[in-house]
Amino acid sequence: MKKLISLLLAMLMVLSLGTVAFAEPGDQADGKLTIWCWDQTFNIAAMEKAKEMYQEEHPDVEIDVQEVLWEDVESRIIASNGDTSTLPDITLIQDNAFQKEVINYPEVFYDMTDTYDFTDFGEAKVAYSVVDGHNYGIPFDAGTVVAAWRTDYLEEAGYTVDDLTDIDMDRFLEIARDVKEKTGMPMLSGQAGAVDTVMILLQSCGGSLFNEDGTVNMKDNEKLKAVVDVYNTMVAEGLFIEVNSWDEYIGTLSNQSVVGTFTGCWILSTIMSLSDQAGLWAVTNMPAMSGVEDATNYSNNGGSSWAIINNKDIDLALDFMQMYRNVDFYDAILPTTSAIACYTPAKEGSNYTAPSDFFNGDAIFAKIVEFGALVPANNTGAYYYDARDALGTAITNVLNGGDIDSELATAEDTVNFTMGF
Amino acid sequence: MSEGAFKKYGKRTLVYLFLILMSIISVFPLYWCFISSCNNTQQILGGRMVPSTHLIENLKNLFAQQDVLNAFKNSVINTVLVLVLSLAICSIAGYGFEIFHDKGKDAVMAVIMMSMMVPFVAILVPLFQMFTKMGFVNKYIGYILPSLSTPFLIMLFRNNARTFPKEVLEAARVDGLSEFGIFVRMFVPMMRPTFAAAATITFMNTWNAYLWPKVVLQTPDSITMPMLVANLLSGYVVDYGVVMAGVTICTLPTVIVFFILQKSFTEAVAGAVK
């Protein structure tokens with residue numbers, strides 16, 4: 001009997017412990033802001049700076065910046081099923097998923113079309129968080145595409161970075177073949193099955209995987225066909241090396257086994273961390289597709305925007321988010337976070353115009369903000385990632401000898417099936 | 001060497017070679033994880049397979065970036081709570097379903113078994129809605145309640161209760177021991193290997209749980225070790241040395257528990273009862 005009583009007491013004890021609560025976040029219009037974002041050295045650090053600058057003027061406002069992974073933000077939005085009581089006041093959302101979240105959970109996101117000034121933000125960047133003409137997101141970090149090249153390898157083959165500036169794809173392939181022949185180095189690398197490069201090229205000519213009405217646009221998408229064809233050519237000729245994982249892709253840069261890369265400007269943080277390669281890199285724009293309508297030398301890959309959540313302290317959140325229209329704020333966060341603004345006036349900040357020692361004195365950040373204003377917009381919609389996955393399969397099949405037309409038709413059928421058509 | 005001896009030793013050598021190969025394949029991820037926690041990002045990406053001198057630096061950065069002690073404490077509390085309560089509940093349930101079985105209880109057991117077919121992700125949203133209304137979000141009870149009674153553990157105890165000798169049961173009843181007394185004094189000691197196996201499985205599942213905790217535990221104070229490791233991978237620039245140090249700390253308790261209980265675990269899985 002003693003043992004039984006001990007067991008029951010022990011169970012009672014653990015049960016009572018089970019009801020102990022962790023601190024609850026403030027979730028009403030109570031003069032407190034809870035913010036979710038996910039990268040300590042990047043968006044969290046930026047938000048902490050915004051908090052510090054805002055609290056100088058508003059010392060009574062309590063702001064809690066919490067580290068929550070993007071995948072967790074998404075899971076919690078899904079689990080909330082439209083009930084915003086467990087969500088924060090402000091959360092960061094990946095640009096490519098923004099429209100999906102708003103379409104699936106419209107009651108969660110605050111429509112700030114008439115209450116926030118979106119002038120001076122890059123048009124393409126703002127478009128990521130626009131649904132049916134309404135703005136739901138404040139642009140944060142730019143995913144503006146930069147082409148970063150190793151000047152020593154180019155020099156060895158008789159080229160400079162100017163030869164790779166404002167060029168089209170035909171000229172790029174010509175140079176890439178020549179560089180490979182003279183140095184033995186491939187120009188580019190990327191993760192097999194990941195479709196980053198193809199999507200970058202597609203957006204650079206204003207192309208999307210979806211039409212404006214949300215229907216899939218893969219089968220008869222001439223821009224997409226041209227892009228897949230170029231990608232196929234680059235891989236087949238060894239000008240683009242496919243690797244198995246993201247880590248291996250980063251490895252090709254750190255191990256100095258490629259001439260360069262073109263991807264979102266966030267890659268510069270990684271490149272600049274390779275201190276032994278200081279002075280060996282230059283940044284310019286990407287090659288434009290040849291013979292494709294609306295082709296430009298500018299694109300976007302990745303990035304994120306801030307959403308304000310409904311039924312929270314919206315007035316306070318809107319006032320706080322004015323910080324993202326503040327040139328001094330962007331100038332302050334650049335050295336510590338390398339977060340490059342989508343707010344065009346930020347390029348006038350002293351840190352933006354300062355020459356970069358790593359890039360031989362080039363003011364790369366002001367350059368990237370200028371690139372960002374020239375990026376064409378695209379449609380992402382609710383099924384963006386499904387379409388990317390289907391495209392990845394199609395590209396793999398094309399690389400293995402499949403026909404582009406039939407593979408893209410299959411990819412379109414796959415996405416339509418997912419969408420329930 | 002005679003032909004017979006050659007056949008015997010040749011076969012044994014092949015078996016050992018196969019086992020050695022399988023052991024290397026099984027142990028390699030752990031080895032790589034531990035080694036990489038002693039290397040920096042460039043060494044890891046460069047494929048270095050021997051330890052370097054960066055362990056202290058990685059640990060220092062890990063503890064500077066994340067509240068490791070708090071996450072470890074949360075993981076320990078959550079796991080111990082679930083372990084104690086689920087073993088108590090599921091063992092009684094499994095014992096009851098087997099010893100006192102009738103058609104009605106068998107039908108209930110069948111329903112419980114069928115619930116194993118429903119993936120957790122399918123009940124995630126309604127469960128979270130229910131817990132929000134009950135005020136269980138960000139509380140230990142919110143985390144542990146869905147894990148307390150699992151069909152698999154009930155089935156494990158029920159199946160092993162079949163091997164519990166009827167003579168012992170009858171003798172205990174004749175001696176005047178109550179039904180709960182029989183469970184506590186006879187069943188529990190005799191089924192130690194089953195309890196060890198159930199403890200190992202529950203420990204691993206709870207310690208490594210990710211989907212439910214990340215939804216129901218929303219404050220930074222409530223973060224668990226797997227959530228902490230995931231946070232380390234969130235940035236544009238990932239320090240793989242720090243990630244591996246985090247993974248090592250997260251993995252060690254599972255490895256230790258498994259080594260302590262592995263003998264009993266094997267016995268229970270093989271269906272042996274002392």
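In this predicted model, the buried residues of helix H15(A) pack against helix H5 (123–127), strand S7 (145–150), strand S11 (281–284), helix H13 (327–337) and helix H14 (350–353) of chain A. The residues concerned are Ile364(A), Phe365(A), Lys367(A), Ile368(A), Val369(A), Phe371(A) and Gly372(A). H15(A) is thus a mostly covered helix, with 7 of its 9 residues buried.

**The two domains of chain A**

Chain A is assigned a domain 1 (32–143 + 302–372) and a domain 2 (145–299 + 383–419). Between the C-alpha centres of domain 1 of chain A and domain 2 of chain A there is a distance of 27 Å. Domain 1 of chain A contributes 17 residues to the contact, and domain 2 of chain A contributes 15 residues. On the side of domain 1 of chain A that touches domain 2 of chain A, the elements giving two or more residues are helix H4 (95–104) and helix H15 (364–372) of chain A. H15(A) gives the most to this side, with 4 residues.

**The nonpolar cores**

Which residues touch the most other members of the largest nonpolar core? In this core of 132 residues, they are Val146(A), Val198(A), Val227(A) and Met289(A). The element that gives the most to the core is helix H9 (residues 222–236) of chain A, with 8 residues. Domain 1 (32–143 + 302–372) and domain 2 (145–299 + 383–419) of chain A each supply at least three residues to this core.

Residues up to four places away in sequence being left out, Met289(A) touches Met169(A), Leu201(A), Ser204(A), Cys205(A), Ala226(A), Val227(A), Val230(A) and Ala295(A). A second, separate core has 40 residues, and it includes Ala93(B), Met109(B), Ala199(B) and Val216(B).

Is Ala176(A) buried or exposed? Ala176(A) counts as buried because it has 25 C-beta neighbours inside 10 Å. Ile175(A) is buried too, since 21 other C-beta atoms lie within 10 Å; the cut-off for a buried residue is 20 or more.

The contacts of these residues can be listed with neighbours up to four places away in sequence set aside. On that basis, Ala176(A) touches Met187(A) and Leu239(A). Ile175(A) is in contact with Tyr159(A), Asp163(A) and Leu164(A), again leaving aside neighbours within four places in sequence.

Separation along the chain and separation in space can also be set side by side. Ala176(A) and Ala50(A) are 126 residues apart in sequence, and their C-alpha atoms are 43 Å apart. Ile175(A) and Val230(A) are 55 residues apart along the chain, with 14 Å between their C-alpha atoms.

**Helix pairs in chain B**

Two packed helices are described by the angle between their axes and the distance between the axes.

| Helix pair | Angle between axes | Distance between axes |
|---|---|---|
| H4 (residues 68–99) and H11 (residues 192–207) of chain B | about 140° | 9 Å |
| H5 (residues 103–115) and H8 (residues 151–161) of chain B | roughly 135° | within 8 Å |

At an angle of about 140°, H4(B) is therefore oblique to H11(B). The crossing of H4(B) and H11(B) is right-handed. On H4(B), the residues that meet H11(B) are Ser75(B), Asn78(B), Thr79(B), Val82(B), Leu83(B), Ser86(B), Leu87(B), Cys90(B) and Ser91(B). Their partners in H11(B) are Phe195(B), Ala198(B), Ala199(B), Thr202(B), Phe203(B), Thr206(B) and Trp207(B).

H5(B) and H8(B) cross at roughly 135° and are therefore oblique to each other. H5(B) passes H8(B) in a left-handed crossing. In this pair, Met109(B), Ile112(B), Met113(B) and Ser115(B) of H5(B) meet Pro151(B), Ile154(B), Met155(B) and Arg158(B) of H8(B).

**The contact between the chains**

How many residues does the contact take from each of chain B and chain A? It takes 34 residues from chain B and 39 residues from chain A. On the side of chain B that touches chain A, the elements giving two or more residues are helix H2 (41–45), H4, helix H6 (120–134), helix H7 (140–144), helix H10 (179–190), helix H12 (211–216) and helix H13 (225–232) of chain B. The largest share of this side comes from H6(B), with 5 residues.

Note on methods:
Residues are numbered from 1 along each chain as its sequence is written. Chains are lettered from A and ligands numbered from 1 in the order in which they are written. This is a predicted model: local features need pLDDT of at least 70, side-chain atom pairs count only at pLDDT 80 or more; totals for chains, interfaces and linings use all residues. A nonpolar core is a set of buried Ala, Val, Leu, Ile, Met, Phe, Trp, Tyr and Cys residues joined through C-beta atoms within 7 Å. A residue is buried if 20 or more other C-beta atoms lie within 10 Å of its own, exposed if 12 or fewer, and partly exposed in between; C-beta atoms are placed from the backbone. Domain bounds come from an automatic or database domain assignment. Two residues are in contact if their C-beta atoms, placed from the backbone, lie within 7 Å. Axes are lines fitted to C-alpha atoms, for helices over the stretch in contact, and angles run from 0 to 180 degrees between N-to-C directions. Angles under 35 degrees count as roughly parallel, over 145 as roughly antiparallel, 65 to 115 as roughly perpendicular and the rest as oblique. A crossing is left-handed if the near helix is turned anticlockwise from the far one by less than a right angle, and right-handed if clockwise.
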